[in-house]
Amino acid sequence: MLKIELLESFIAIAECGNLSKAADKVCRTQSTLSLQVKKLEEVVGQSLLLRDNKGVALTEAGLTLLNYAYKMMQLNSQAMNELKDCPNRETIRLGVPTDYIGCYLNSCLLEFIREFTCIELVIDTDVSGNLFKRLQQGEFDLIVATHWQTPINGELLFSRRFYWVAAKDGNAHKRETIPMALYPENCPIRAQVFANHQLNMRPIHVLLSTPSPQALCMAVENDLVIAPIAEFRINEQMQILDPLEYGLPPLPLFNESIYLNPETQTDATIQLIALLKANVDHLENAESCVISVR
């Protein structure tokens with residue numbers, strides 16, 4: 001009989017290609033995984049893995065088993081969802097900035113959806129200014145939003161630095177009126193650009209307005225505009241501009257924080273908040289947000 005626990009470990013090994021990484025993924029020791037593979041091989045009567053100094057690979061029999069393992073895990077999950085007693089199915093309404101949804105999905109939200117199958121997580125994205133308003137109107141149970149001030153009614157997760165960026169060896173930043181790409185209205189980053197722009201600074205012209213950081217980066221790389229870009233998104237095709245040297249508005253440090261609707265908090269939202277806090281380092285580094293636009 002093929003046990004679900006053994007198949008779960010086998011899938012982790014196949015996906016990681018390394019026993020050590022797979023052990024971390026399923027929260028078991030490497031020796032435990034080795035024993036589980038041995039049990040599987042005894043059950044099916046064939047070798048499943050090829051081992052070398054670089055890691056592990058699947059044999060032909062291993063590939064066949066992997067295909068069935070995915071199907072069996074899916075059926076198991078469906079059966080558990082059907083049979084679980086969820087008389088009072090709960091819904092959590094979460095708001096996340098549009099430009100960071102990938103970070104939150106990859107770091108913790110998918111994990112929450114996978115773990116809490118009796119909770120419907122409704123995620124909506126918007127610019128932070130709109131998220132604040134919608135939270136006050138009761139549309140959300142909690143939001144993650146960006147602001148340049150220390151949160152008063154929220155809890156700080158981390159701070160993120162933005163820089164003025166132009167194409168490397170480009171000319172957009174040298175024009176008399178500087179073409180810019182900015183996030184949409186009610187975005188705190190855009191608000192600070194105009195709030196800090198002084199009459200003695202160079203005139204600016206918004207050429208592109210979009211919630212997509214990928215679109216901002218593409219416009220910069222093609223020397224169409226300059227833009228305020230988060231530090232982790234800056235690549236070798238870009239150059240950082242000194243605001244004083246080029247007559248640009250200074251950009252403050254931006255804070256990303258959790259804000260709650262106090263009237264709708266439950267044990268489930270508390271668990272979601274704890275998961276967000278546990279992933280702060282991953283979110284701050286935001287490597288999972290980076291999507292190649294070259």
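Predicted model: local features only at pLDDT ≥ 70, side-chain atom pairs only at ≥ 80, totals over all residues.
**Stop 1: the largest pocket**

Start by selecting E8, M73, E111, R114 and E115. Among the 31 residues that line the largest pocket, these five are the closest to its centre.

Two or more lining residues come from each of α1 (4–16), α2 (19–26), α4 (60–83), α5 (101–115) and α10 (267–278). Which of these elements gives the most to the lining? That is α5, with nine residues. If you colour by residue class instead, the lining of this pocket divides into 15 nonpolar, eight polar and eight charged residues.

**Stop 2: the second largest pocket**

Next, select F132, L135, Q136, H147, Q149, T150, P151, I152, N153, Y259, L260 and N261, which line the second largest pocket. Its volume is about 310 Å³. Helix α6 and strand β12 (254–260) each supply at least two lining residues, and the largest share, three residues, comes from α6. How does this lining split by class? You will find six nonpolar and six polar residues, with no charged ones.

**Stop 3: L131 in helix α6**

Stay with α6, which covers residues 128–136, and pick L131 within it. Is L131 buried or exposed? L131 counts as buried because its relative accessibility is 0%, under the 20% cut-off.

To see what surrounds L131, show G95, V96, P97, D126, F140, I143 and V144; L131 touches these residues, not counting those up to four places away in sequence. Then draw a distance from the C-alpha atom of L131 to that of A145: the two residues are 14 apart along the chain, and the separation is 7.0 Å.

**Stop 4**

Select P97, D99, V127, S128 and C187, the closest to the centre of the largest cavity among the 13 residues that line it. A search of the whole structure finds one cavity of 30 Å³ or more, and the space in the largest cavity is about 100 Å³. By class, its lining has eight nonpolar, three polar and two charged residues.

**Stop 5: the nonpolar cores**

In soluble globular proteins, nonpolar side chains tend to be buried together. To look at this here, select Y104, W164, M180 and I226, which touch the most other members of the largest nonpolar core, a set of 53 residues.

Zoom in on M180. Leaving aside neighbours within four places in sequence, M180 is in contact with W164, V193, I204, H205, V206, L207, L208, V225, I226 and L248. Another core lies apart from this one; it has 21 residues, and you can find it by selecting L19, V26, V37 and L66, which are among them.

**Stop 6: N235 in a loop**

For the last stop, go to the loop between β10 (227–230) and β11 (238–240), where N235 lies. Why does N235 count as buried? Its relative accessibility is 17%, so N235 falls under the 20% cut-off.

Finish by showing the side chains of N235 and E221 together. They make a polar contact with each other, at 2.6 Å.

Conventions:
Residues numbered from 1 in each chain as written. Heavy atoms only, no water. 1 Å grid on protein atoms, 1.4 Å probe; cavity = no way out; pocket = protein on both sides within 12 Å on 5 of 7 lines; lining within 4 Å. Points joined across faces, edges and corners; volume = space filled by probe spheres on them. Nonpolar A, V, L, I, M, F, W, Y, C, P; charged D, E, K, R; others polar. Helix = DSSP H or I, 4+ residues; strand = E, 2+ residues; numbered from the N terminus. Buried < 20%, exposed > 50% of the residue type's maximum accessible area, 1.4 Å probe, protein only. Polar contact = N/O pair within 3.5 Å; in protein donor to acceptor, adjacent residues only side chain to side chain. Core = buried A, V, L, I, M, F, W, Y, C linked by side-chain atoms within 4.5 Å. Contact = heavy atoms within 4.5 Å.
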